Every structure is written in structure tokens, then in C-alpha cells.
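Thanks for coming. Please have a look at the model first.

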Amino acid sequence: MDASTLERRYLKINKKLGMLTGVWPYQKHSTKWISRSIVICLVLPTYLTQYARLIVYPRMDIVLNDYPYLIVGFGIFVKFGNYFINESKLTSLVGKIYEDWQNITSTDEYKIMLKYAERGVLSVILYTLHISLCVFLFICLPYVPPILDMVLPLNETREPLLIYPAYYGIDEKEYHSWILAHMTVMVSILCCVFCACDANYVYAVQHACGLLAVTEYRFQCACREVITQNENEFVEAMKQMYKNVSHSIQGHQRAVQSVLNITDGKYHAAKNFSVCRYVREITVAHDICMFITVGLLMISISASLLQIAEHEHDAMWLTNCMFFVAQLFHMLFLVIQGQFVLDSYDNLYSTICESTWYNSSCRTQALYILALRSSQSPPLLTAGGFITLNLKTFAEVTCRLLRNYLDLFKHFIPFTQDIPHFR
């Protein structure tokens with residue numbers, strides 16, 4: 001499959017969002033920097049209005065209320081900055097996806113890669129829908145009071161709401177429509193940046209899983225039982241079996257950082273036969289970004305839980321609950337990518353163990369030993385090398401946050417001062 005067909009069928013969303021925000025690797029240099037400059041010029045004043053609210057209202061309750069929204073705004077600069085710092089690495093990731101598709105010659109391997117390409121597209125669509133739905137709900141938030149005034153009128157008009165807490169230094173009631181229009185544009189840009197940056201990450205992970213699945217298929221087909229009484233035929237079958245295993249390990253090399261060299265029937269192995277090359281490249285390109293993102297998400301979730309415990313069951317409580325669920329789902333979507341890689345590697349390890357290696361020659365069995373030893377250290381997607389991205393980490397972090405903070409919130413004394421939320 002050539003690059004244009006791949007982009008049209010499986011990278012269409014990634015390319016459109018990437019070109020819109022200036023993070024697509026193969027975008028023209030001038031167009032890329034124009035898109036980036038527009039995004040930065042629009043987002044930076046928005047972040048300043050959020051900080052201006054903290055300066056005008058320097059109170060702890062205001063800080064706790066606004067902190068999760070500040071983290072979301074800062075997340076744009078984190079993800080966007082990663083594409084400035086690691087642009088060459090991210091370009092290499094996408095380029096190797098094109099290269100792998102062009103090197104596929106087997107029909108069965110092509111079908112396997114198609115399966116994981118479709119999974120990648122589905123993951124990108126689900127992530128985009130998740131972010132878009134959250135943005136849509138927050139855009140609809142300011143229209144709730146006017147609707148309630150018509151459906152359930154009170155003696156006075158309800159206070160107008162904003163999409164996120166900010167201070168513009170003008171009469172917010174008089175210019176409420178203009179402020180909402182500006183905020184709507186800003187959260188739409190936020191949606192595009194988050195989806196564009198994370199879509200490439202999600203698709204690259206699914207491509208790595210596809211490479212591991214192809215390697216698994218090659219090991220399944222490498223050794224067959226040989227039933228023959230002809231010595232020459234048996235020798236030729238052993239040679240062919242050795243070539244099949246060698247081909248499987250060469251495929252393993254593409255997914256695995258292997259320096260197993262096979263030349264003229266001789267081989268030697270060096271030290272780093274256990275680390276997944278493509279997964280490691282994904283980790284290196286996103287390591288610092290994921291570390292900051294996951295750390296900020298954990299702090300933001302804690303702040304959201306604090307707001308949920310503080311407020312009664314009112315509109316603000318519902319807003320905080322919705323924001324908490326959105327952050328939790330965002331973290332789940334990021335860490336589950338590491339679980340996909342682990343599951344693919346476990347399947348590969350089981351296939352190598354269950355193959356009929358005992359029907360092969362001694363030197364072919366030696367190759368299996370090297371493959372098994374390399375599989376004992378599975379590749380890991382990490383955040384900064386400190387946080388392993390998998391479902392176990394997500395469950396531990398979530399349970400710890402919920403247990404510790406909810407126990408603390410039972411005895412939390414709410415602030416007595418009335419504050420103008422989202423003013």
C-alpha cells in the first residue's frame with residue numbers, strides 16, 4: 001500500500017487535524033508555521049485571562065475551583081511543545097509506518113496489518129468523539145440558565161455562566177455573548193490540538209501491535225512437522241525451517257531492538273535483544289509529554305474530587321462531576337495503549353513457546369532460545385520512565401485517589417465565603 005492510499009484510508013483524520021493545527025509531519029514548512037502561529041496567538045490570551053482571574057480573586061477557593069481548567073489550558077502547550085521539541089522523532093514514527101506498509105508482500109500479513117490499521121482508526125475516532133463530546137457539553141453549559149428561566153422561572157434572572165472560569169476586565173453581563181463566542185472558539189481549538197497530537201500517538205501504538213502480530217504469525221508458520229524417509233528431503237526441510245525462523249526473527253527485529261545478525265547460516269547476538277524498537281521510539285518521542293500529562297491529570301482529578309466534595313448537588317456539582325469523568329476517561333485512554341502492547345507481546349511469547357520447535361534442528365532451536373530470552377523483557381510504554389502505562393497502573397492510581405480523597409472529604413469543612421463561581 002502506497003503512502004497516498006494509506007493516508008486516504010487510515011490516516012485521514014490524523015492528517016486533517018494535524019494540518020489544521022500544524023503538527024502533521026509532512027505538511028509544508030510555511031503552512032505548518034502559519035498554523036502553529038495562529039494556534040499560539042489564539043490560545044495564549046485565553047490562558048492569560050484564566051490567570052487574571054486568580055490575580056483579581058487571590059483566594060484559595062478560587063484557585064481550587066479554577067485549577068483543573070488551568071491544567072487543561074497548560075496541556076495544550078505541553079502537547080504542542082512536544083511537536084516542536086521532538087518533531088524529527090515524530091516524523092520518523094510516521095515515516096516508518098509508510099515504510100512497513102510498502103514492505104509487506106504476504107497476503108496473510110497484509111490482512112493482519114489491515115486489522116490493526118482499522119483498530120487504529122477506530123481508536124482515533126473514539127478518542128475524537130470523547131474530546132468533542134466533552135467540548136460540546138461545556139459549550140452548552142452557558143445556555144442552561146436562560147433555558148431554565150423560560151422553563152422554571154424564578155423571581156429573578158439566574159446568574160449567567162461561562163464555559164470556563166476567566167476574567168476579561170470588562171462588564172461580563174453586557175459583553176456576555178462576545179465572551180461566549182471567544183470561549184467557544186478557544187475550546188474548539190483545544191479540541192483540535194488534543195485530538196491531532198494524541199491521534200498520531202494512538203495510531204502508532206496500534207501499528208506497533210500489528211508488527212508484533214505479524215511476527216507472531218511468522219513464528220506460527222515457521223516450523224512444521226517433517227514426515228519423510230528421504231534423508232535429502234529431510235535436510236532440505238530443516239534448512240527451509242531454519243530460513244523460516246530466521247525470517248521470523250528478522251520480522252522480530254523490526255518490532256524488537258535486536259542485533260541478531262544471520263549471515264551464511266551463522267548468527268551472533270548482542271546485548272540489546274529484548275527491547276522493542278518501535279515501541280521504544282514511540283516512548284522516546286512521547287516520554288516527557290506523557291509524564292507531564294499524566295502527572296497533571298492526576299493533580300487535576302484530585303482537585304476535581306475536592307470540588308465535588310465541597311459543593312452540594314447543584315449545577316456546579318454536576319459540572320465538576322462531568323469534568324471529573326472526562327479527565328478519568330482521558331487518562332484511561334492514554335494508559336490503555338501500553339496495555340495493548342503488553343497483550344500483543346504476551347501473545348507473541350505464547351506462540352513462540354507453543355510452536356513445534358522440537359521438530360527443528362539444533363541451530364534452529366538456538367534461534368528459538370534467543371527469541372524466548374528476548375521476550376522475557378517485554379517492551380513498556382512509560383511516562384518519563386517512572387510510570388508504566390497499563391491498566392494496573394490506572395487501577396492503582398484511581399483506587400488510591402478515590403479512597404484517600406473521599407475519606408478525607410467526609411470530614412471536609414466547606415468554605416463559608418460565597419464566591420461568584422465562573423464570574
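Leu318 is found in helix α11; helices here are DSSP runs of H or I, at least four residues long, numbered from the N terminus. This is a predicted model, where local features need pLDDT of at least 70, side-chain atom pairs count only at pLDDT 80 or more, and totals for chains, interfaces and linings use all residues. Residues are numbered from 1 along each chain as its sequence is written, and side-chain values use heavy atoms, leaving out hydrogens and water.

Is Leu318 buried or exposed? Leu318 is exposed, at a relative accessible area of 54%. Exposed means over 50%, buried under 20%, and partly exposed in between, with a 1.4 Å probe and protein chains only. From Leu318 to Ile308 is 10 residues in sequence and 8.3 Å in space, C-alpha to C-alpha.

Next, the helix pair. The crossing of α3 and α4 is left-handed, meaning that the near helix is turned anticlockwise from the far one by less than a right angle.

Now the core. A nonpolar core is a set of buried Ala, Val, Leu, Ile, Met, Phe, Trp, Tyr and Cys residues joined through side-chain atoms within 4.5 Å. The largest one has 92 residues, and Leu6, Trp101, Tyr203, Ile282 and Leu389 touch the most other members. Helix α8 gives the largest share of this core, 26 residues.

Leaving aside residues up to four places away in sequence, Leu6 touches Met1, Leu11, Ile97, Tyr98, Trp101 and Tyr203, where contact means heavy atoms within 4.5 Å. Another core, of five residues, lies apart from the largest one and includes Tyr47, Leu54, Tyr57 and Leu70.

Technical notes. Helices (H or I, at least four residues) and strands (E, at least two) are DSSP runs, numbered from the N terminus.
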